[in-house]
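Subject: Structure for your records, with notes

Hello,

Please find the structure below. My notes on it follow, arranged by topic.

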Amino acid sequence: MNKKRKRQENPAAVQTNAKGKPVTNKILLGMSDAEFHKICPYLEFVELPQRFSLHEPNHKMEFAYFLNRGLASIVVSTRDGRDVEAGVVGYEGFVGTAPAVCLFRSPLCEVMQISGDGFRVKASALHNALQLTPDFQMSFSRNAVLQGMQVAHTAACNRLHDGEQRLARWLLMAEDRVKTAKLTMTHDFLATMLGTDRPSVSLAAAGLQQRGTIQYHRGDVKITNRRKLETSACECYRVIQKLNGELELN
């Protein structure tokens with residue numbers, strides 16, 4: 001039995017960075033001790049408040065982020081000032097695929113939507129570490145591909161499914177990542193995330209509330225019946241959930 005398996009089977013074991021900050025990011029926890037030792041010196045712990053910008057469109061990307069807690073959004077911005085979410089990342093993944101392959105600019109915005117914390121790694125250090133850690137490189141690459149699949153399904157969802165289905169899908173994805181049924185968000189925030197307008201968000205939230213799946217009041221959403229909410233969501237949630245399950249198997 002190798003050290004990686006021993007750590008996974010012992011939930012009391014705590015992985016930390018060089019300064020003793022606990023690691024709960026799944027990709028980092030999935031590394032063998034030998035490979036984690038190679039990247040550990042470059043893991044800088046950071047607090048990630050709500051609205052904190054991880055990457056700005058077309059600006060140089062200096063870091064990749066591995067979240068312990070919180071929720072980040074991958075957002076597409078247009079010239080006329082409209083934004084729409086293309087994907088979400090929590091403790092299961094990372095933010096900043098491009099720098100790992102020496103692409104240091106992206107048209108996407110990546111921002112914290114729910115506050116948390118995690119570790120950032122300089123792009124140059126990450127690129128070098130990946131060359132020395134083949135298992136980590138494979139896990140990183142798999143997550144990047146699955147993240148791209150999530151983005152594709154989100155784009156289709158925003159085009160093809162109604163507001164209630166999209167809102168239910170987003171709330172379920174958020175709860176999966178932050179592990180709380182109570183989420184704080186405004187109408188404007190949800191409109192951006194769902195690629196719609198405020199009146200449509202109000203109608204969708206009212207519909208889900210009437211079904212007894214959520215309580216919505218002044219920017220606070222509480223999931224009251226997850227099973228009913230899953231029934232209200234479109235098939236995109238189950239597809240994305242299955243993609244995340246693929247990561248659990250490796």
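Strand E5 and helix H5 (134–160) each contribute at least two residues to the lining of the second largest pocket. Please keep in mind throughout that this is a predicted model.

The pocket and the cavity

The volume of the second largest pocket is about 160 Å³. Its lining consists of Met-61, Ile-74, Gly-96, Thr-97, Ala-98, Arg-105, Ser-106, Pro-107, Leu-108, Glu-110, Gln-147 and Val-151. By class, these lining residues are 6 nonpolar, 4 polar and 2 charged.

The count of cavities of 30 Å³ or more comes to 1. The largest cavity holds about 100 Å³ of space. There are 12 residues in its lining, and Asn-143, Leu-146, Gln-147, Gln-150 and Asn-244 are the ones nearest its centre. Strand E4 (83–89), H5 and helix H10 (235–248) each supply at least two residues of this lining, which divides into 6 nonpolar, 5 polar and 1 charged. Gln-147 is listed for the second largest pocket and also for the largest cavity. H5 likewise supplies at least two residues to the lining of the pocket and at least two to that of the cavity.

Aromatic residues

The search of the whole structure gave 8 aromatic pairs. One of them is Phe-45 with Phe-119: the ring centres are 5.7 Å apart and the planes stand at 70°, so the pair is edge-to-face, the cut-off for that class being over 60 degrees. This pair links distant parts of the chain, with Phe-45 in strand E1 (residues 44–48) and Phe-119 in strand E5 (residues 108–122), 74 residues apart. How accessible are the two partners, Phe-45 and Phe-119? Phe-45 has a relative accessibility of 23% and counts as partly exposed, whereas Phe-119 is buried at 0%.

Phe-45 also has a charged group over its ring: the charged end of Lys-21 sits there, 4.9 Å from the ring centre. A second case of this kind involves Arg-120, whose charged end sits over the ring of Phe-63 at 3.9 Å from the centre. Elsewhere, Phe-66, Phe-94, Phe-136 and Phe-140 make up one aromatic cluster.

Positive phi angles

Asn-58 is not a glycine, yet its phi is positive, about 65°. Asn-58 is placed in the loop between strand E2 (53–55) and strand E3 (63–77). With a relative accessible area of 49%, Asn-58 is partly exposed; the class of exposed residues begins over 50%.

Lys-179, also a residue other than glycine, has a positive phi near 60°. The loop that holds Lys-179 runs between helix H6 (163–178) and strand E6 (182–184). Lys-179 counts as exposed, at 59% relative accessibility.

A positive phi, near 65°, is found in Gly-195 too, the residue that follows helix H7.

Helix H7

Helix H7 (residues 187–194) is mostly covered, with 6 of its 8 residues buried. Which residues of H7 are buried? They are His-187, Phe-189, Leu-190, Ala-191, Met-193 and Leu-194.

Glu-175 belongs to helix H6. Is Glu-175 buried or exposed? Glu-175 counts as buried because its relative accessibility is 15%, and the limit for buried is under 20%. Leaving out residues up to four places away in sequence, Glu-175 touches Thr-180, Ala-181, Ile-223 and Arg-226.

Glu-230 is in helix H9 (residues 226–232). At 28% relative accessibility, Glu-230 counts as partly exposed. Apart from neighbours within four places in sequence, Glu-230 is in contact with Leu-172, Tyr-237 and Arg-238. The C-alpha atoms of Glu-230 and Ala-168 are 7.1 Å apart in space, while the two residues are 62 residues apart in sequence.

Regards

Terms used: Residues are numbered from 1 along each chain as its sequence is written. This is a predicted model: local features need pLDDT of at least 70, side-chain atom pairs count only at pLDDT 80 or more; totals for chains, interfaces and linings use all residues. Side-chain values use heavy atoms; hydrogens and water are left out. Rings of Phe, Tyr and Trp (its six-membered ring) pair if their centres lie within 6.5 Å; planes under 30 degrees apart count as stacked, over 60 as edge-to-face and the rest as tilted. Helices (H or I, at least four residues) and strands (E, at least two) are DSSP runs, numbered from the N terminus. Buried means under 20% relative accessible area, exposed over 50%, partly exposed in between (1.4 Å probe, protein chains only). A charge sits over a ring if NZ of Lys or CZ of Arg is within 6 Å of the ring centre and within 35 degrees of the ring normal. On a 1 Å grid over the protein atoms alone, a cavity is a set of points where a 1.4 Å probe fits but cannot get out, and a pocket is an open set with protein on both sides within 12 Å along at least five of seven lines; lining residues have an atom within 4 Å of a point. Grid points are joined across faces, edges and corners, and a volume is the space filled by probe spheres set on the points. Ala, Val, Leu, Ile, Met, Phe, Trp, Tyr, Cys and Pro count as nonpolar, Asp, Glu, Lys and Arg as charged, and the others, Gly among them, as polar. Contact means heavy atoms within 4.5 Å.
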